[in-house]
Amino acid sequence: IYYIYLYIKLFYINKVCLCTIGKKENLYVREYVDYYKNKGINKIFIYDNNDINDEKFDFVLKDYIDNKYVKIIDIRGITAPQIKAMEDCRKNNYKKFNWMIFYDMDEFLFLRNYSKINDFLNQKKFDKCQRIQLNWLYHTDNNLLYYDNRTLAERFPEIDKRWRGKKIGGSEGIKSILKGNIDIEINDAHILNYKLLSCDGFGKIKNIEGIITNESDHYYYYIDHYWAKSTEEFVNKIMKGSVAIGFNNEHILNRIYIYFKICDITMEKINYIENKTHLNLSQYRIMLENKILLNKS
């Protein structure tokens with residue numbers, strides 16, 4: 001009876017799903033799904049936000065879809081659907097899983113002392129937590145101009161110099177893991193909902209404002225955020241628009257600013273981005289000539 005109890009306890013307590021949304025991600029989605037399957041995630045829900053006649057995740061995930069490990073939800077052609085997709089995933093699955101992870105396809109959870117995410121989340125210290133918030137660590141472009149087919153970890157091992165090795169402060173953003181059986185509407189891509197009781201990776205209750213965390217220890221846990229990738233991939237990313245706000249030049253210019261905060265400014269990158277976007281980046285030429293860095297202290 002005791003062993004039957006343990007089996008039932010493990011079966012139910014360890015059920016964790018991942019909700020994500022993707023557009024033009026076929027180069028990366030297989031690596032992403034493989035990674036989280038190896039980390040013990042029980043089910044992955046992918047919201048397909050590609051254009052109507054564009055690529056499909058079925059092309060690269062057929063085996064995972066056929067064995068029902070991955071479920072594809074069609075939201076093709078819809079502009080800025082991120083919050084609606086997240087809430088749809090929560091509403092349809094929050095009673096079926098003990099934890100729900102809401103990460104994008106460039107976000108890979110790192111846990112130093114746990115090979116399985118399920119074991120990490122099953123700790124007693126998280127009993128009181130409704131949501132676990134973990135920091136991003138941005139990875140640079142490693143000064144790669146073009147895509148190649150190595151893994152993200154192989155191509156982009158360097159972490160943004162502003163945060164590397166720091167235990168206090170860390171990243172400019174967090175993403176969240178939601179405890180199951182909580183019926184509260186998602187209205188923010190990072191926080192999920194401000195009414196939730198939030199914990200860090202040590203189970204410590206945190207009061208937060210915005211999406212910036214002030215205490216984290218990146219030695220033990222963080223989210224590897226391969227936000228930029230190579231210059232070529234970065235341009236492809238910004239030109240497809242945002243799943244949160246859609247597409248406009250202001251958004252593109254803002255993303256270029258962040259890119260040069262994270263990554264080195266070089267003339268080669270400036271020329272490439274200008275040629276592909278037809279935007280004027282003369283301010284970055286001036287910064288390069290005067291050896292001015294964007295907040296890299």
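**Ground rules**

I am working from a predicted model, where local features need pLDDT of at least 70, side-chain atom pairs count only at pLDDT 80 or more, and totals for chains, interfaces and linings use all residues. Numbering starts from 1 along each chain as its sequence is written, and side-chain values use heavy atoms, with hydrogens and water left out.

**Overall layout**

I counted up the secondary structure and got ten helices and ten strands. These are DSSP runs numbered from the N terminus, with helices being H or I of at least four residues and strands E of at least two. I then checked contacts, meaning heavy atoms within 4.5 Å. Of the contacts with a separation of 6 or more, 74% are between residues 24 or more positions apart.

**Helix α2**

I went through α2 (residues 29–38) next, and its buried residues are Val29, Tyr32, Val33 and Tyr36. Looking down the axis of α2, I see these buried residues fall within an arc of 90°, so they line one face of the helix. The arc is taken from the directions from the helix axis to the C-beta atoms. What do the buried residues of α2 pack against? I find strands β1 (16–22), β2 (43–48), β3 (70–74) and β5 (107–111), plus helices α3 (58–66) and α5 (117–121).

Asp34 also lies in α2, but this residue is partly exposed, at a relative accessible area of 26%. Just after α2, Gly40 takes a positive phi of about 100°.

**Other positive phi values**

I also noted positive phi in residues other than glycine. Lys68 has phi near 70°; it lies in the loop between α3 and β3 and counts as exposed at 61% relative accessibility. Asn143 has phi near 55°; it is placed in the loop between β6 and α6 and counts as partly exposed at 42%.

Where does His139 lie? I found it in the loop between β6 (131–138) and α6 (152–155). His139 is buried, with a relative accessible area of 4%. Its side chain reaches the backbone oxygen of Phe156 at 2.7 Å. The His139 side chain also makes a polar contact with the side chain of Asp224 at 2.6 Å. For the record, a polar contact is a pair of N or O atoms within 3.5 Å; within protein, one must be able to donate a hydrogen and the other to accept it, and residues adjacent in sequence count only if both atoms are side-chain atoms.

I listed what His139 touches, leaving aside neighbours within four places in sequence: Phe156, Pro157, Glu158, Ile159, Asp160, Asp224, His225, Tyr226 and Ile262.

I followed up two of those partners. Ile159 lies in the loop between α6 and β7 (174–179) and is buried at 14% relative accessible area. The C-alpha atoms of Ile159 and Asp141, 18 residues apart along the chain, are separated by 9.2 Å.

Asp160 lies in the loop between α6 and β7 too. Is Asp160 buried or exposed? I get a relative accessible area of 0%, which puts Asp160 among the buried residues. Not counting residues up to four places away in sequence, Asp160 touches Tyr138, His139, Thr140, Lys261 and Ile262. I also noted Asp160 and Cys263, 103 residues apart along the chain, with their C-alpha atoms separated by 7.2 Å.

In α7 (residues 231–239) I found Thr231, Glu233, Phe234, Val235 and Ile238 buried. The buried residues of α7 pack against α6, α8 (249–262) and α9.

From α9 I moved on to α10. The axes of α9 (residues 267–277) and α10 (residues 282–289) come within 10 Å and cross at roughly 175°. Axes are lines fitted to C-alpha atoms, for helices over the stretch in contact, and angles run from 0 to 180 degrees between N-to-C directions. α9 and α10 are therefore roughly antiparallel, given that angles under 35 degrees count as roughly parallel, over 145 as roughly antiparallel, 65 to 115 as roughly perpendicular and the rest as oblique. On the α9 side I noted Met267, Ile270, Asn271 and Glu274, which meet Ser282, Tyr284, Arg285 and Leu288 in α10.

Note on methods:
Buried < 20%, exposed > 50% of the residue type's maximum accessible area, 1.4 Å probe, protein only.
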